Amino acid sequence: MSKSVLCTCEDVTLDDVRHAIDKGYRDIESIKRYTGFGTGVCQGKSCLSAVARTLAERTGASPGAVLPFTPRPPLHPVEMSLLGSVPVDEQRPPAGGVPPVIQVGSHALRPPEPVPEKTRVVIIGGGIMGLALAHNLAKLGCTDVLVLERGYLCAGASGRNGGGVRMQWSTPTNIELARRSIELMKQFAGEMGINVWLRQGGYLFLARTEEMAERLRTSAELHNKHGVKTQILSPGEGRDVVPELTMKGVVACAYHPDDGVIFPWPFLWGYAQAAQKRGVRVETFTTVTGFEVSGGRVRAVETDRGRIACETVVLAAGAWSPEVAKLAGVELPNAPHRHEILSTEPLKPFLTPLVSVLDSGLYFSQSMRGEIVGGMGDPREPAGLNQGSTLRFLSRFSRALTEQVPRLGHIKVLRQWAGCYDVTPDNNPVLGHTPGLPNMLQMSGFVGHGFMMAPAVSERMAAWMVSDTQDDLFTRFDLDRFRTGRLERETMIIG
Ligand SMILES: Cc1cc2nc3c(=O)[nH]c(=O)nc-3n(C[C@H](O)[C@H](O)[C@H](O)COP(=O)(O)OP(=O)(O)OC[C@H]3O[C@@H](n4cnc5c(N)ncnc54)[C@H](O)[C@@H]3O)c2cc1C
């Protein structure tokens, strides 16, 4: 056993890295997420090369095959108060930002053997939706399933989100889905044998206008009807929940103590490992490039590693779903929108709930490691598959956060990143059959809340696929609703 420390910031040893590689985390991004190396103050400057060398030695890969992880700005830790002083032109759309290195396609560490020639179900996208569905299908005995992911697991929105899980929604469907998801999350660690750090510290929504306060009150009434005990609090009562909040400009709060935060990466890996244990194949670094369609059905999926004949294909490619659907001639109404997020240096625990200002789209929580993790939507963000990071976001977020919690002004931001919300016209997903192509099933459009919906939606979708019984979720949210105007708008959207 080696006690050599490779990452001094996060105390990651050579042995930890070897263990991760042996467990199947065979690219630098995945090793970073599994061990935590490179996530501390130095952001990998002192350990990246040592981990890369260990990976190359252990796998026999050529040094050129081992790609570094995406460097995360800022270059050095910077105080919130300084970042908040950077001027921002609120009228101008954000510029492109620093583009991440996306390690997809011809990755040299992917398995040498070809993809199978045929399978019953192909799931496109190894995000939370695709993997949770694969797990639930396998649980019901349908194990001839292949998940295709063009990058590493966690490459998409599922590896980039804030992990917030809440029952506070504006429609009965979403309240019920979220409630079931949280129930399943509570059983997850026991059932899957992986710690997902679920912490039910509640969600505290703040409204800064009377209009938003009214939205909170209306939603809370609906929650209470569905047995979700959301309370409407005065600003003073909200401050009792988080004494560090200034409540400056706050009109009303909504608080539900059973909401919380889950750590995204092990949640995703837990589903992947459980599915694989039951016989599902998960092929990473494998890109879907086209479809073979004839007689009104998808006959095969084409990839950069070969053709796979299938009976059913599920499109779960998140924000990339429209471009993948287009390969089969299918138009989706979804539009990707970048959403930026950051993490600070760790602080002593003080923040129990996730706090969100509904008007501005600011949200923040404190992780189990003590970091403040938070994001904020930008009303000027144009549609596009952009995952770059901007100084504009750092400035807007820091200003909004320190206005609400002034004592965080001296806290340093360690890293920022971005992902894409997969936005639909009514903020609800696209599920079920594709008109004109019935064996292509849709599973996308989860905006900024897919992570928390995945357990419940995938459970129902697997049951619906396997038994072919009716479930109104898959007609209520089908693709055809955008043509017929049968929309059901969700309004409790952050950002
Ligand atoms: C910054 C941010 C914060 C968020 N916060 C929250 C939150 O607090 N709570 C919450 O519930 N949700 C949150 N979300 C939303 C949530 O992350 C998403 O709704 C959810 O992860 C979507 O999962 P998915 O599986 O549909 O998509 P993804 O996780 O994006 O997975 C799709 C996968 O498809 C792959 N793919 C794309 N094209 C191809 C191809 N041609 N071939 C093969 N594979 C392909 C991609 O690489 C990707 O890995 C947040 C999102 C962001 C960006």
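A backbone N or O atom of G156 lies 3.4 Å from an oxygen atom of the ligand, a polar contact in the sense of a pair of N or O atoms within 3.5 Å. The protein buries 97% of the 1,000 Å² that the ligand exposes when taken alone, with accessible areas from the Shrake-Rupley method and a 1.4 Å probe. The model is predicted: local features need pLDDT of at least 70, side-chain atom pairs count only at pLDDT 80 or more, and totals for chains, interfaces and linings use all residues. Residues are numbered from 1 along each chain as its sequence is written, and side-chain values use heavy atoms, without hydrogens and water.

**Ligand surroundings**
- The ligand is surrounded by 36 residues, each with a heavy atom within 4 Å of it.
- The closest are E149, S158, G164, G450 and M452.
- The side chain of E149 places an N or O atom 2.6 Å from a ligand oxygen atom.
- At G164, a polar backbone atom is 2.8 Å from an oxygen atom of the ligand.
- At least two shell residues come from each of α5 (128-139), β15 (335-346), β19 (412-423) and α12 (450-467); helices (H or I, at least four residues) and strands (E, at least two) are DSSP runs numbered from the N terminus.

**Packing of α5 and α9**
- Helix α5 packs against α9 (residues 264-277) at an angle of about 35°, with the axes 8 Å apart; axes are lines fitted to C-alpha atoms over the stretch in contact, and angles run from 0 to 180 degrees between N-to-C directions.
- In contact (heavy atoms within 4.5 Å), I128, L131, A132, A134 and H135 of α5 meet residues of α9 including F267, L268 and Y271.

Note on methods: Polar contact = N/O pair within 3.5 Å; in protein donor to acceptor, adjacent residues only side chain to side chain.
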